[in-house]
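Hi,

Here's the structure I promised to pass on.

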Amino acid sequence: MTFQRILTYTLNSVTKKTVQVLFLAVGLVMTGHAILTPMLMVIIMLTGDLLGMSLTTDNVRPSPIPNAWRIGELTLAGVFMGTSELVFCTAVFAIAKFRLGLGIETLRTLAFVAIVFGNQATTYANRERQRLWSSCPSRWLIGSSVVDLLIASTLATCGIAMTPLPILVVGGILVAAAVFAFLLDVTKVSMFKRLGIA
């Protein structure tokens, strides 16, 4: 059981590192500017750590096969999940820039919200090797998710340490992240099975 929690934590860490580095590069190419300020990166790191640490309390099931560290396969799975989240964040960012015409300061807030909400989606996809709803998350994980979402949403809509973002935009990204989580879940199960992530 402890192995499953460590596996989820590691998979989640690889996912986050993949998306955050690449999204910064994509945003720089799209805008010609850094899309996250140092302050926003610190907030993402702090809220992400809160969510990540709560994974150590999560409800898990015993492994169906003997446990073994397959580092290559685990890395591939994390990169796949991170790349999927990158597609989500990039799509949200592109719509905001090219359809909504938001300026760079507002786009930075949007990038922050997209990463935080995208991290939530991939965390819940990573924690369960089968379908999202196959097991119930722990109270600590649910609680940390609620706190994480409330902090990010409040900071973004009130313009604390960033340019304010309309509440409808924040709500729209939250809905999009929920849809993304279920779409990712469809492809994740077969990918994890192929890589032997059980």
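This is a predicted model: local features need pLDDT of at least 70, side-chain atom pairs count only at pLDDT 80 or more; totals for chains, interfaces and linings use all residues.

Find helix 4, residues 104-126, and helix 6, residues 167-195. Two packed helices are described by the angle between their axes and the distance between the axes. Here the axes come within 8 Å and cross at roughly 35 degrees. The crossing of helix 4 with helix 6 is right-handed.

Which residues make the contact between helix 4 and helix 6? On the helix 4 side they are L110, V113, A114, F117, G118, A121, T122, A125 and N126. Helix 6 brings V169, V170, I173, L174, A177, F180, A181, L184, K188 and F192. Sorted by kind, the residues of this contact come out as 15 nonpolar, 3 polar and 1 charged.

Now step back to the loop between helix 5 (139-158) and helix 6, where you'll find A161. This residue isn't a glycine, yet its phi is positive, at about 65 degrees. A161 has a relative accessible area of 46%, so it counts as partly exposed, since that class lies between the 20% and 50% cut-offs.

T163 sits in the loop between helix 5 and helix 6 too. With a relative accessible area of 24%, T163 is partly exposed. Leaving aside neighbours within four places in sequence, T163 is in contact with E105, T106, T109 and A156.

**A threonine in helix 1**

Last stop: T31, which belongs to helix 1 (residues 2-31). Is T31 buried or exposed? Its relative accessible area is 17%, so T31 is buried, as the cut-off for that is under 20%.

What does the side chain of T31 reach at 3.0 Å? That would be the backbone nitrogen of H33. A polar atom of the T31 side chain also lies 2.8 Å from the backbone oxygen of G27. If you skip the neighbours within four places in sequence, the residues in contact with T31 are F93, K97, I104 and L107.

Cheers

Key: Residues are numbered from 1 along each chain as its sequence is written. Side-chain values use heavy atoms; hydrogens and water are left out. Axes are lines fitted to C-alpha atoms, for helices over the stretch in contact, and angles run from 0 to 180 degrees between N-to-C directions. Helices (H or I, at least four residues) and strands (E, at least two) are DSSP runs, numbered from the N terminus. A crossing is left-handed if the near helix is turned anticlockwise from the far one by less than a right angle, and right-handed if clockwise. Contact means heavy atoms within 4.5 Å. Ala, Val, Leu, Ile, Met, Phe, Trp, Tyr, Cys and Pro count as nonpolar, Asp, Glu, Lys and Arg as charged, and the others, Gly among them, as polar. Buried means under 20% relative accessible area, exposed over 50%, partly exposed in between (1.4 Å probe, protein chains only). A polar contact is a pair of N or O atoms within 3.5 Å; within protein, one must be able to donate a hydrogen and the other to accept it, and residues adjacent in sequence count only if both atoms are side-chain atoms.
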